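Here are my notes on the model you sent, as numbered points. They start with the strands and go on to the aromatic rings, the pocket and some backbone details.

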Amino acid sequence: MSFHNWLQNLRSALARGRGQRHHRRSAAGGLRTATHRLHLEVLEDRCLLAFIAPVAYPVGTNPQAVATADFNNDGNLDLATANRDYASVSVLLGDGQSGFGAASHMAAGWNPTALAVGDFNNDGNLDLATIGNQLSVRLGNGDGTFQPPVNIGLLNTTPARLLSVAAADFNADGKVDLAVTAGDPIGSWPGGYEVLLGDGAGGFAVSDSDFEYGDHPRILAVADVNADGLPDLAVTGYHGSGTGSE
């Protein structure tokens with residue numbers, strides 16, 4: 001029986017019992033009639049937002065972004081951070097009890113400020129892509145370690161700085177692709193975003209026609225916003241935001 005059904009039954013029982021009179025002998029020896037009323041206070045069923053005390057885990061210097069994924073295939077979520085001043089990615093393996101082990105640090109290109117997770121070579125292990133002054137890809141070994149970084153050249157982002165990266169299968173070929181945003185730090189170039197199609201082996205194709213100029217874009221996110229089964233891009237910029245479907 002649910003709580004609400006139980007409460008309804010209780011209210012019905014109380015309604016039937018209201019007005020029942022009980023006789024009680026008074027101090028003078030006579031009888032008097034007393035009416036007993038039961039009172040019920042109901043607490044509304046609510047779930048309040050609460051968190052336990054935070055726990056700090058050391059990573060590289062000046063971490064800029066964090067991602068969660070199961071990098072060692074043990075069924076527990078792990079953490080990865082992009083550390084700008086340390087030119088690295090830090091990976092912390094989770095124990096499944098909200099705890100994480102000591103961070104392992106790996107080179108990830110210069111000034112990494114964002115990262116994305118995906119299986120870029122279709123081997124069942126999750127890989128990492130980071131962006132900063134360049135786009136770097138590290139293929140995962142499935143045990144929480146990664147192969148040396150491979151830098152991916154972009155043809156249309158000079159003199160811009162790479163700002164964000166996201167992973168998804170944008171052309172529905174079963175291979176994970178990457179989308180990146182680039183912008184000029186001094187604001188003299190409008191910047192834009194570029195989609196790099198994955199080859200399923202850890203490589204990504206770059207084409208002159210892939211770059212879309214935008215209004216000083218910064219951060220992007222991927223989701224199927226129109227429920228057509230295709231991943232879409234949401235991009236923020238200095239003077240507004242927009243979405244585009246791939």
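1. In this predicted model, four strands form an open sheet in the order β3-β4-β5-β6, and the pairing is antiparallel. The edges are taken by β3 (63-69) and β6 (104-107); each has a single partner strand, so one side of each is left without a neighbour in the sheet. From one strand to the next the twist averages 25 degrees.

2. The pairings within this sheet can be taken one by one. Six bridges hold β3 against β4 (residues 78-83) in the antiparallel sense, and Val66 has Thr81 as its bridge partner in β4. Between β4 and β5 there are five bridges, again with the strands running antiparallel; here Ala80 stands opposite Val91 of β5. The antiparallel pairing of β5 with β6 has four bridges, and Ser90 finds its bridge partner in His105 of β6.

3. How much of strand β5 is buried? Five of the five residues in β5 (residues 88-92) are buried, so the strand is mostly covered. In a regular strand, side chains alternate between the two faces of the sheet. For β5 both faces are covered: Ser88, Ser90 and Leu92 are buried on one side, and Val89 and Val91 are buried on the other.

4. Ala67 belongs to strand β3. With a relative accessible area of 13%, Ala67 is buried, since the cut-off for buried is under 20%.

5. β7 and β8 run antiparallel and are joined by five bridges; Gly118 has Asp127 as its bridge partner in β8.

6. How many aromatic pairs does a search of the whole structure find? The number is three. One of them is Phe71 with Phe146, an edge-to-face pair with 5.6 Å from centre to centre and 70 degrees between the planes. Phe71 sits in the loop between β3 and β4, and Phe146 in the loop between β9 (135-138) and β10 (150-152), so that the pair links distant parts of the chain, 75 residues apart. Both Phe71 and Phe146 are buried.

7. Phe120 and Phe204 also form a pair. Their ring centres are 5.4 Å apart and their planes stand at 80 degrees, so this pair is edge-to-face; the cut-off for that class is over 60 degrees. Phe120 lies in the loop between β7 (114-118) and β8 (127-131), while Phe204 is in strand β14 (residues 204-205), so the pair ties together parts that are 84 residues apart in sequence. Phe120 is buried, at a relative accessible area of 1%. Phe204 is buried as well, at 12%.

8. Which residues are closest to the centre of the largest pocket? The pocket has a volume of about 220 Å³. Its lining consists of 13 residues, and those closest to the centre are Val55, Ala56, Tyr57, Leu79 and Ser98. By class, the lining has ten nonpolar and three polar residues, with no charged ones.

9. Some residues deserve a look for their backbone angles. Asn62 has a positive phi, near 55 degrees, and is a residue other than glycine. It is found in the loop between β2 (31-35) and β3, where Asn62 is partly exposed with a relative accessible area of 32%. In the hairpin of β4 and β5, with four residues between the strands, Ala87 takes a positive phi near 50 degrees.

10. Ala227 is not a glycine either, yet has a positive phi of about 55 degrees. Its place is in the loop between β16 (217-223) and β17 (232-237). Ala227 has a relative accessible area of 69% and is therefore exposed, the cut-off for exposed being over 50%.

Terms used: Residues are numbered from 1 along each chain as its sequence is written. Side-chain values use heavy atoms; hydrogens and water are left out. On a 1 Å grid over the protein atoms alone, a cavity is a set of points where a 1.4 Å probe fits but cannot get out, and a pocket is an open set with protein on both sides within 12 Å along at least five of seven lines; lining residues have an atom within 4 Å of a point. Grid points are joined across faces, edges and corners, and a volume is the space filled by probe spheres set on the points. Ala, Val, Leu, Ile, Met, Phe, Trp, Tyr, Cys and Pro count as nonpolar, Asp, Glu, Lys and Arg as charged, and the others, Gly among them, as polar. Two strands pair if DSSP finds at least two bridges between them. Helices (H or I, at least four residues) and strands (E, at least two) are DSSP runs, numbered from the N terminus. Axes are lines fitted to C-alpha atoms, for helices over the stretch in contact, and angles run from 0 to 180 degrees between N-to-C directions. Rings of Phe, Tyr and Trp (its six-membered ring) pair if their centres lie within 6.5 Å; planes under 30 degrees apart count as stacked, over 60 as edge-to-face and the rest as tilted. Buried means under 20% relative accessible area, exposed over 50%, partly exposed in between (1.4 Å probe, protein chains only).
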